[in-house]
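Subject: Structure handover

Hello,

Here is the structure I said I would pass on. Please open it beside this email as you read.

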Amino acid sequence: MAYDFKIRSAVTSTGKTAYYAKTTGLGDPEFFVAYKTKYEERFGLYNVSVSNNLVYNAADYVTEFGFWAYFIEATAKVESQGSFLCLNTYDRAYFTFGFMQFAAHVPNGDFVRFFRKLLALENASDYFPRLRLIDDRIYYKNDTGATSQLENDSSSQKLMEYLNPTTNEVEQQELICSARFIHWATNDPNHRRVQVEQSISLYKENMKKYSKRLNLNGYPAKVCFMVCDILHQGRGTYDRISYALDTDSHEKAFQNLCTIGNTHYPTRINGLKAHLKKLEQAGLFNKKYKADTNEFV
């Protein structure tokens with residue numbers, strides 16, 4: 001059964017254009033999709049809703065993923081308040097979704113890998129009946145049954161344009177795809193689990209890579225985490241991080257890392273520090289990185 005969504009718009013009391021969706025023929029309640037916004041010369045949608053308790057909490061996933069569930073939590077909080085419904089379609093990525101803000105413009109990137117996993121779920125055809133996974137690539141199937149590949153090792157442009165044809169205006173296809181993601185994440189815990197799995201996989205892969213380059217073996221979790229967050233956001237370079245780590249004190253290294261980008265991103269950095277302190281005080285973040293196993297012990 002493929003879901004069919006009917007979209008309506010309304011202007012809020014503050015002058016925003018809000019979009020709502022409803023599944024046709026099922027009697028389900030209408031739900032909020034996103035607000036319209038303009039960014040530079042682009043138009044698109046955004047949703048940072050944290051309603052209905054659809055927020056990432058590490059404690060909900062620690063049984064399955066262990067310490068890594070806590071390791072990603074601070075980034076999730078500052079990226080999106082942990083919202084499983086976080087959406088934006090207004091920047092150069094064309095389509096970004098999830099509490100870690102996976103972006104569609106990177107070939108084989110986080111969003112592409114995340115979406116492949118979603119399309120492997122049993123109910124994927126209910127939301128994206130035109131899309132297929134063929135040899136772990138995303139394809140579009142037209143009315144005649146012919147398929148065309150939407151992403152490869154060098155480009156995800158066709159996938160971006162399937163989800164959001166242009167950033168010149170908010171379009172019906174963009175609204176429908178956004179409604180599909182919002183409804184799916186809201187109603188299916190497997191969708192939310194895939195977000196978590198992909199987020200943890202991202203940081204686990206990054207730790208292995210960063211440790212080789214920066215020799216992070218034996219460093220406390222909070223130092224390793226801050227390295228991951230700096231490079232995830234892009235607010236610092238390897239050279240700047242290496243310089244910050246060049247001290248005989250792990251605590252000093254952490255404080256040095258917290259100065260990277262503090263001119264432009266003080267709110268983010270202060271939010272990270274506050275959340276890490278809370279985890280440390282609860283005894284949940286007092287581990288060190290072991291490079292040979294890529295684990296914290």
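Below are notes on the sheets, the helix contacts and the aromatic pairs.

First, the ground rules. This is a predicted model, in which local features need pLDDT of at least 70, side-chain atom pairs count only at pLDDT 80 or more, and totals for chains, interfaces and linings use all residues. Residues are numbered from 1 along each chain as its sequence is written, and side-chain values use heavy atoms, with hydrogens and water left out.

Helices (H or I, at least four residues) and strands (E, at least two) are DSSP runs, numbered from the N terminus. Two strands pair if DSSP finds at least two bridges between them.

**The seven-stranded sheet**

Seven strands make an open sheet, ordered E1-E2-E3-E4-E5-E6-E7. Its pairing is antiparallel. Strand E1 (5-11) and strand E7 (102-103) are the edges. Each has a single partner strand, so one side of each is left without a neighbour in the sheet.

Start at E1. Seven bridges tie it to strand E2 (residues 17-23), in the antiparallel sense. Arg8 has Tyr20 in E2 as its bridge partner. The hairpin of E1 and E2 has five residues between the strands. There, Gly15 takes a positive phi near 90 degrees.

Next, E2 pairs with E3 over four bridges, again antiparallel. Tyr19 has Ala34 in E3 as its bridge partner. Strand E3 (residues 31-39) then joins strand E4 (residues 42-47) through five bridges, and these two run antiparallel. Lys36 stands opposite Leu45 in E4.

**The three-stranded sheet**

An open sheet of three strands has the order E8-E9-E10, with antiparallel pairing. Strand E8 (131-134) and strand E10 (147-149) stand at its edges. Each has a single partner strand, so one side of each lacks a neighbour in the sheet. The twist averages 40 degrees from one strand to the next.

E8 and strand E9 (residues 137-141) run antiparallel, joined by four bridges. Ile134 has Arg137 in E9 as its bridge partner. Leu131 stands opposite Tyr140 in E9. The two strands form a hairpin with two residues between them. Asp135, in the turn, has a positive phi of about 50 degrees.

Helix H4 (residues 110-119) lies across E8 and E9, and runs at about 60 degrees to E9.

**Helix contacts**

Some terms for this part. Axes are lines fitted to C-alpha atoms, for helices over the stretch in contact, and angles run from 0 to 180 degrees between N-to-C directions. Angles under 35 degrees count as roughly parallel, over 145 as roughly antiparallel, 65 to 115 as roughly perpendicular and the rest as oblique. Contact means heavy atoms within 4.5 Å. For residue classes, Ala, Val, Leu, Ile, Met, Phe, Trp, Tyr, Cys and Pro count as nonpolar, Asp, Glu, Lys and Arg as charged, and the others, Gly among them, as polar.

The axes of helix H8 (residues 189-214) and helix H10 (residues 238-245) come within 11 Å and cross at roughly 65 degrees. H8 and H10 are therefore roughly perpendicular to each other. Lys209, Tyr210, Arg213 and Leu214 in H8 meet Tyr238, Ile241, Ser242 and Leu245 in H10. That contact has five nonpolar, one polar and two charged residues.

The axes of H8 and H9 come within 10 Å, crossing at roughly 105 degrees. H8 and H9 are therefore also roughly perpendicular. Residues in this contact include Leu202, Tyr203 and Met207 of H8, and Cys224, Phe225 and Val227 of H9. By class, the contact of H8 with H9 has ten nonpolar, one polar and one charged residues.

The axes of helix H3 (residues 73-80) and helix H12 (residues 266-281) come within 9 Å and cross at roughly 145 degrees. Among the residues in contact are Glu73 and Lys77 of H3, and Arg268 and His275 of H12. The contact of H3 with H12 divides into five nonpolar, three polar and four charged residues.

**Aromatic pairs**

Rings of Phe, Tyr and Trp (its six-membered ring) pair if their centres lie within 6.5 Å; planes under 30 degrees apart count as stacked, over 60 as edge-to-face and the rest as tilted. The whole structure has 37 aromatic pairs. In one of them, the rings of Phe71 and Phe225 have centres 5.9 Å apart and planes at 90 degrees, so the pair is edge-to-face. This pair links distant parts of the chain. Phe71 is in helix H2 (residues 68-71) and Phe225 is in helix H9 (residues 221-233), 154 residues apart.

Best wishes
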